[in-house]
Amino acid sequence: RASWPRSSTRHTPRQPNARQAHHSHGSMDDEYDVIILGTGLKECVLSGLMSVNGKKVLHMDRNDYYGGRSASITPLKKLFTHFGVERDPSESLGRGRDWNVDLIPKFIMANGALVKMLIMTDVTRYLDFKCCDGSYVWKSGGKVYKVPVTTAEALSSSLMGMFEKRRFQKFVKWVSQFDEKDESTWQGLPPTATMADCYAKFGLDANTQAVTGHALALYTEDDYIKEPCLKTIKRIQLYADSLAKYGSSPYLYPLYGLGELPQSFARLSAIYGGTYMLDKPVDEIVYGEDGKACGVKSGDEVAKCKMVIGSPGYFPDKVKVVG
């Protein structure tokens with residue numbers, strides 16, 4: 001298990017404003033600074049930050065759980081219901097509450113922007129993390145290799161040949177020192193050079209290119225090879241910085257699923273006076289004479305506000321699917 005920067009985990013949070021935190025299933029007839037629809041990660045982050053900054057927030061979700069598409073669903077029966085499966089889970093799957101399934105599974109980079117935001121907002125006091133024990137790559141031929149994370153693992157790994165390891169080591173050193181604002185670090189490869197140019201300069205073979213692109217830069221396609229190298233360099237630098245954070249893996253994962261992330265920001269909002277209503281239908285967005293959203297209607301209740309923020313699913317007439 002990873003040790004997480006826990007300096008803020010056990011202390012009592014600073015006192016919120018005079019409004020007391022509460023969750024509500026009662027009347028919503030009131031006026032708010034902002035109404036937020038949906039409890040996905042983005043919506044909960046905004047809810048938390050606005051509440052901390054003294055805004056009066058009403059946060060609604062038509063679902064009876066937090067997270068939207070970022071949710072972790074438990075028990076297993078609820079997951080079956082979510083996907084329209086009417087039968088009960090098989091007994092061979094064990095107890096339903098032993099399952100906590102992410103709708104969108106992901107790992108978190110240990111030194112990425114999300115972790116920095118969690119620390120900055122002190123939301124880490126609501127979370128426990130684990131470090132991923134290892135990552136692996138599959139090579140043509142059907143063999144699976146562990147991605148080395150230590151010098152000893154790198155030397156003993158058969159993922160690359162000895163001479164290729166030396167060339168790759170020079171490449172990694174160049175990437176780690178690369179600074180787009182300092183031409184002396186470019187070694188003749190400006191930020192506009194393609195990754196193909198970079199691989200050619202360091203003599204990396206196709207196998208090493210595949211490991212670099214997919215296991216370090218985390219691309220799913222090879223189109224990046226023809227694109228400017230700066231984006232890929234920053235991805236590899238993030239991987240290296242994240243790996244250096246704990247030494248065993250660049251990846252973190254919330255102990256109880258990714259759904260803990262939006263819930264933690266929801267807790268932050270509630271501490272600072274945010275009002276939450278789950279399982280609350282949103283029947284209509286109310287607009288003023290100036291054409292701007294000024295409230296939300298649910299049944300016979302209307303909550304007024306200065307601003308409405310929500311996930312795209314709450315505005316079907318204003319969004320379209322692209323890509």
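## A walk through the predicted model

Is Val 144 buried or exposed? With a relative accessible area of 51%, Val 144 is exposed, because the cut-off for that word is over 50%. Together with Tyr 136 and Trp 138, Val 144 makes a nonpolar surface patch of about 400 Å².

Lys 146 pairs with Glu 153 in a salt bridge, and their closest N and O atoms are 3.3 Å apart. Lys 146 is partly exposed at 27% relative accessible area, and Glu 153 is partly exposed too, at 26%.

Lys 306 is exposed, with a relative accessible area of 63%, whereas Asp 33 is partly exposed at 22%. Another salt bridge links Asp 122 with Arg 125, with 2.7 Å between the closest N and O atoms. Here both partners are buried: Asp 122 has a relative accessibility of 15% and Arg 125 has 13%.

Now turn to helix α1, residues 41–52. How far apart should its ends be? At 1.5 Å a residue, the 12 residues of α1 should span 16 Å, and the end C-alpha atoms are 17 Å apart, so the two values agree. Several residues of α1 are buried, among them Cys 44, Val 45 and Met 50. What do the buried residues of α1 pack against? Their partners include strands β3 (34–37) and β4 (57–60) as well as helices α3 (113–120) and α9 (260–271). Strands β12 (275–277) and β16 (308–310) are also among the partners. After the helix comes Gly 54, which has a positive phi, near 90°.

Our last stop is Lys 292, in the loop between β13 (284–287) and β14 (293–298). Lys 292 is exposed, with a relative accessible area of 59%. Leaving aside residues up to four places away in sequence, Lys 292 touches Val 286 and Tyr 287. From Lys 292 to Lys 77 the C-alpha distance is 41 Å, and 215 residues separate them in sequence.

How values were computed: Residues are numbered from 1 along each chain as its sequence is written. This is a predicted model: local features need pLDDT of at least 70, side-chain atom pairs count only at pLDDT 80 or more; totals for chains, interfaces and linings use all residues. Side-chain values use heavy atoms; hydrogens and water are left out. Helices (H or I, at least four residues) and strands (E, at least two) are DSSP runs, numbered from the N terminus. The expected span of a helix is 1.5 Å times one less than its number of residues. Buried means under 20% relative accessible area, exposed over 50%, partly exposed in between (1.4 Å probe, protein chains only). Contact means heavy atoms within 4.5 Å. Patches are made of residues with over 30% relative accessible area and no salt bridge: like charges are joined within 9 Å, nonpolar side chains (Val, Leu, Ile, Met, Phe, Trp, Tyr) within 5 Å. Accessible areas come from the Shrake-Rupley method with a 1.4 Å probe; for residues, only the protein chains shown count as cover. A salt bridge is a side-chain nitrogen of Lys or Arg within 4 Å of a carboxyl oxygen of Asp or Glu.
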